[in-house]
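User: Hi! Could you walk me through this structure?
Analyst: Happy to, here it is.

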Amino acid sequence: FSRDGAKKEYVQDLMKNKETSERLAETILNGNGRVYVCGDGNHMGRDVQAAIAELLSPHVDGKEYVEAMKRDYKILKMI
């Protein structure tokens with residue numbers, strides 16, 4: 001809940017933490033990980049996908065991989 005505390009914290013920002021980003025990349029690339037985006041599927045979903053592409057980029061073409069994940073139903077928007 002990004003607006004519960006004094007400081008706004010967004011999932012896409014928390015994903016960029018070094019330890020978190022490495023674990024997420026490993027899970028997505030090698031652990032058959034899936035991503036479920038709940039809430040605002042337009043703005044937040046877009047920002048989360050961009051963060052995923054960024055954290056995957058040292059390993060693969062992040063934007064292309066995210067598009068493949070969407071085609072393969074590995075990124076799902078839950079409303």
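Predicted model: local features only at pLDDT ≥ 70, side-chain atom pairs only at ≥ 80, totals over all residues.

Analyst: Let's begin with the contacts (heavy atoms within 4.5 Å). Of those in the protein chain with a separation of 6 or more, 64% are between residues 24 or more positions apart.

User: Thanks! How many helices and strands does the chain have?
Analyst: There are four helices and two strands, in the order α-α-β-α-α-β along the sequence. These are DSSP runs numbered from the N terminus: H or I of at least four residues for helices, E of at least two for strands.

User: And how do β1 and β2 pair?
Analyst: In the parallel sense, over four bridges, with β1 at residues 35–38 and β2 at residues 75–78. Strands count as paired if DSSP finds at least two bridges between them. Cysteine 38 has methionine 78 in β2 as its bridge partner.

User: Switching to the core: which residues touch the most other members?
Analyst: In the largest nonpolar core, which has 14 residues, those are Met15, Ile28, Val35, Ile52, Leu56 and Ile75. α2 (18–30), β1, α3 (43–56) and α4 (62–71) each supply at least two residues of this core, and α3 gives the largest share, six residues. Such a core is a set of buried Ala, Val, Leu, Ile, Met, Phe, Trp, Tyr and Cys residues joined through side-chain atoms within 4.5 Å.

User: What does isoleucine 28 touch?
Analyst: Leaving out residues up to four places away in sequence, isoleucine 28 touches Gly33, Val35, Ile52, Leu56, Tyr65 and Met69.

User: What about glutamine 12, buried or exposed?
Analyst: Glutamine 12 counts as buried, at 10% relative accessibility. That residue lies in helix α1 (residues 11–14). With the neighbours up to four places away in sequence set aside, glutamine 12 touches Met44, Asp47, Val48 and Ala51.

User: Last one: how much of the chain is buried?
Analyst: Buried residues make up 27% of the 79 residues.

Conventions. Residues numbered from 1 in each chain as written. Heavy atoms only, no water. Buried < 20%, exposed > 50% of the residue type's maximum accessible area, 1.4 Å probe, protein only.
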